[in-house]
Amino acid sequence: MQVIGLIGGMSWESTLVYYRLINEAVREKLGGFHSARILMYSLDFHEIETLQRLDQWEEAAAVLEDAAGRLARGGADLILICTNTMHKVADQVRAAAKIPLLHIADALGEQVTGMGLTRVGLLGTRFTMEQDFFKVRLRQAHGLDVLVPEAGSRRIVHDIIYDELCQGQVTEASKQALLGIIRDLEAHGAEGVVLGCTELPLLVGQADASVPIFDTTAIHARKAVEIALGE
C-alpha cells in the first residue's frame, strides 16, 4: 500500500472527511483491521484565505509547495490537495513534490464521463466557478461542458462556503438556497451538478437532488485509495 500525502486544513472541516473516507475505503477493500497509510500536513487556513482574498496566488502556491516537499521527504508516494480552489496552483505543487499528484478534476472527470454525461453544473468558491483552472481542465482533458450559476447565485454559494461551512456552520436556509441554485442549473441543461468545493457535501448530497450530484471530496478520496492499492 502506497503512502497517501494530504495537504489539508483548507478547511480542516473537509480534511476531517478526507481522512475518514480514505480509511473507510481501505477497510472496505481490504477488510479486517486494515487502514490507510497517510501523512498529513495541515495548513493554517487563515493564511491561505488571506492570500486568496488578496489575489496573491504565487505566495499561496509557495505555502503549498513547502507542504508538498515536507510530505515527499516524509515518505509520501502520492499527493492530494484537499481542496478544489487550491488546485489553481496544482502544477507548481506537483513540481515541488517531485512525486505524483492526483488532480481532483481528473478524478471527477473520469467518473462523470464514465456515466456518459457531457454537461455538468459547477458549484464552488467564486475562484473555482469564475476562473479557468478547474473548468478548462474538465473541458480540455475530459470533454465536458461546464455551466456555472449567474453572478448573484455565485456570490451566495461563495459566502455560504466561507462564512458558514468553513466555520462549521450548517443551516437549513443555506441548504435550501443551494438546492434552488442546483435546480436552476438543471433547468439550464446540467445533466449533473459538481460540488466543486470540499465543504459543500457537508450541506447537500445525492438524496437532496433529482440529478446526479458529484461529491468531489468522496471521488478524490476513493480514487486516491485505488491508486495507493495499485488498482
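Let me start with Asp55, which sits in the loop between H2 and H3. Before going on, note that this is a predicted model. Asp55 has a positive phi of about 60°, although it is not a glycine. Most residues other than glycine have a negative phi, and most peptide bonds are trans. Asp55 is also exposed, with a relative accessible area of 54%.

H2 covers residues 45–53 and H3 covers residues 57–74. Their axes come within 8 Å and cross at roughly 155°. Angles over 145 degrees count as roughly antiparallel, so H2 is roughly antiparallel to H3.

Which residues make the contact between H2 and H3? From H2 they are Glu47, Ile48, Leu51 and Gln52. From H3 they are Trp57, Glu59, Ala60, Val63 and Leu64. By type, the residues of this contact divide into six nonpolar, one polar and two charged.

Take Gln52 by itself. Is Gln52 buried or exposed? Gln52 is buried, with a relative accessible area of 3%. The side chain of Gln52 makes a polar contact with the side chain of Tyr162, at 2.7 Å. Leaving aside neighbours within four places in sequence, Gln52 is in contact with Phe45, Trp57, Thr85, Met86, Phe127 and Tyr162.

Further along, Gly69 lies in helix H3. Gly69 is buried, with a relative accessible area of 9%. Gly69 and Ile99 are 30 residues apart in sequence, and their C-alpha atoms are 9.3 Å apart in space.

Phi of Lys98 is near 60°, a positive value in a residue other than glycine. Lys98 is exposed, with a relative accessible area of 72%.

Met10 and Ser11 are joined by a cis peptide bond, with omega about 0°. Ser11 is found in the loop between S1 and H1.

Next, Leu203, in the loop between S6 and S7. Leu203 is buried, with a relative accessible area of 7%. What does Leu203 touch, not counting residues up to four places away in sequence? The list is Ile160, Leu165, Val170, Thr171, Ser174, Lys175, Leu178 and Asp208. Between Leu203 and Ile161 there are 9.7 Å in space, C-alpha to C-alpha, and the two are 42 residues apart in sequence.

Last, helix H10, residues 216–228. H10 has 13 residues and reaches 18 Å from its first C-alpha to its last, close to the 18 Å expected at 1.5 Å a residue. At the start of H10, a side-chain oxygen of Asp215 reaches to within 3.0 Å of the backbone nitrogen of Thr217. Just after H10, Gly230 takes a positive phi of about 75°.

Which residues of H10 are buried? They are Thr216, Thr217, Ile219, His220, Ala221, Ala224, Val225 and Ala228. An α-helix has 3.6 residues a turn, so residues three or four places apart point the same way.

Notes:
Residues numbered from 1 in each chain as written. Predicted model: local features only at pLDDT ≥ 70, side-chain atom pairs only at ≥ 80, totals over all residues. Heavy atoms only, no water. Axes fitted to C-alpha atoms, helices over the stretch in contact; angles between N-to-C directions. Helix = DSSP H or I, 4+ residues; strand = E, 2+ residues; numbered from the N terminus. Parallel < 35°, antiparallel > 145°, perpendicular 65-115°, else oblique. Contact = heavy atoms within 4.5 Å. Nonpolar A, V, L, I, M, F, W, Y, C, P; charged D, E, K, R; others polar. Expected span 1.5 Å × (residues − 1). Buried < 20%, exposed > 50% of the residue type's maximum accessible area, 1.4 Å probe, protein only. Polar contact = N/O pair within 3.5 Å; in protein donor to acceptor, adjacent residues only side chain to side chain.
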